[in-house]
Amino acid sequence: MSLLTMDNPVFVTYAIAAAIMILKLMGQGWMTVFRMLKIDAGWATPEDMRGGLINRNPRPGQLDPNDYVNRSRRMHRNDLENIPAFLACGLLLVAVAPSYLLANILMYGFVGARLLHTLAYATKQSHEVRATLYTIGSVVVIVMAVYVLVAAVW
């Protein structure tokens with residue numbers, strides 16, 4: 001059995017977890033655009049002030065920081081800092097053939113931690129709540145990397 005096919009249940013777990021994380025990552029960018037358009041503010045760069053189909057009414061202040069939009073940008077940046085490592089490490093994990101149970105715990109644990117982190121960020125929970133959820137996801141990826149390293153060396 002090839003490890004990178006849908007015949008391998010560990011790869012199926014990875015495929016599901018990776019697809020969810022990719023949709024979350026891409027969706028957060030769209031959420032930022034939605035928020036920016038909803039309030040017609042929080043534009044990012046000076047060229048955004050040019051009139052056009054999207055910004056029909058350029059005006060002073062549209063480039064001013066806006067927490068509603070910037071919160072979504074921060075969430076997106078956080079995803080960009082965390083999800084790619086999971087995607088790469090998850091594929092490496094599949095390649096070293098861990099047990100199905102371990103793969104499920106680690107991969108779905110990461111997905112759960114990231115989704116809960118997003119919810120905590122969106123609802124303005126304390127740093128302690130967000131940091132706890134970040135830590136869970138980070139530790140999962142570290143465990144995956146150590147598992148791969150051990151499997152590759154021994």
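**Close-up 1. Salt bridges across the structure.** Five salt bridges turn up when the whole structure is searched; the term stands for a side-chain nitrogen of Lys or Arg within 4 Å of a carboxyl oxygen of Asp or Glu. Please keep in mind that this is a predicted model, in which local features need pLDDT of at least 70, side-chain atom pairs count only at pLDDT 80 or more, and totals for chains, interfaces and linings use all residues. Residues are numbered from 1 along each chain as its sequence is written, and side-chain values use heavy atoms, with hydrogens and water left out.

**Close-up 2. A network built from Lys-24, Asp-79 and Arg-114.** Salt bridges link these three residues, Lys-24, Asp-79 and Arg-114, in a network. Start with Asp-79 and Lys-24, whose closest N and O atoms are 2.7 Å apart. Asp-79 belongs to helix H2 (residues 67-95) and Lys-24 to helix H1 (residues 9-39), so this pair ties together parts that are 55 residues apart in sequence. Helices here are DSSP runs of H or I with at least four residues, numbered from the N terminus. Now look at the other partner: Asp-79 also meets Arg-114 in a salt bridge, at 2.8 Å from N to O. That pair links distant parts of the chain, with Asp-79 in helix H2 and Arg-114 in helix H3, 35 residues apart. Are Asp-79 and Arg-114 buried or exposed? Both are buried, where buried means under 20% relative accessible area, exposed over 50%, and partly exposed in between (1.4 Å probe, protein chains only). Asp-79 has a relative accessibility of 0%, and Lys-24, at 11%, counts as buried too.

Close-up 3. Asp-40 is partly exposed, at a relative accessible area of 24%, and Arg-59 is partly exposed at 30%.

**Close-up 4. Helices H3 and H4 side by side.** How do the axes of H3 and H4 cross? The axes of H3 (residues 100-122) and H4 come within 8 Å and cross at roughly 155°; they are lines fitted to C-alpha atoms over the stretch in contact, and angles run from 0 to 180 degrees between N-to-C directions. The two helices, H3 and H4, are therefore roughly antiparallel to each other, a label used for angles over 145 degrees.

Close-up 5. Ile-142, Val-146, Leu-149, Val-150, Val-153 and Trp-154 make a nonpolar surface patch of about 670 Å². Such a patch joins nonpolar side chains (Val, Leu, Ile, Met, Phe, Trp, Tyr) within 5 Å, from residues with over 30% relative accessible area and no salt bridge. Accessible areas come from the Shrake-Rupley method with a 1.4 Å probe. Ile-142 is part of helix H4 (residues 127-153) and is partly exposed, at 49% relative accessible area.

**Close-up 6. Two loop residues with positive phi.** Most residues other than glycine have a negative phi. Ala-97, although not a glycine, has a positive phi of about 55°. Ala-97 lies in the loop between H2 and H3 and is partly exposed, with a relative accessible area of 46%. Lys-124 has a positive phi of about 60° and is not a glycine either. You can find Lys-124 in the loop between H3 and H4, where this residue counts as exposed at 57% relative accessibility.

Terms used
Patch = residues over 30% accessible without salt bridge, like charges linked within 9 Å, V, L, I, M, F, W, Y side chains within 5 Å. Parallel < 35°, antiparallel > 145°, perpendicular 65-115°, else oblique.
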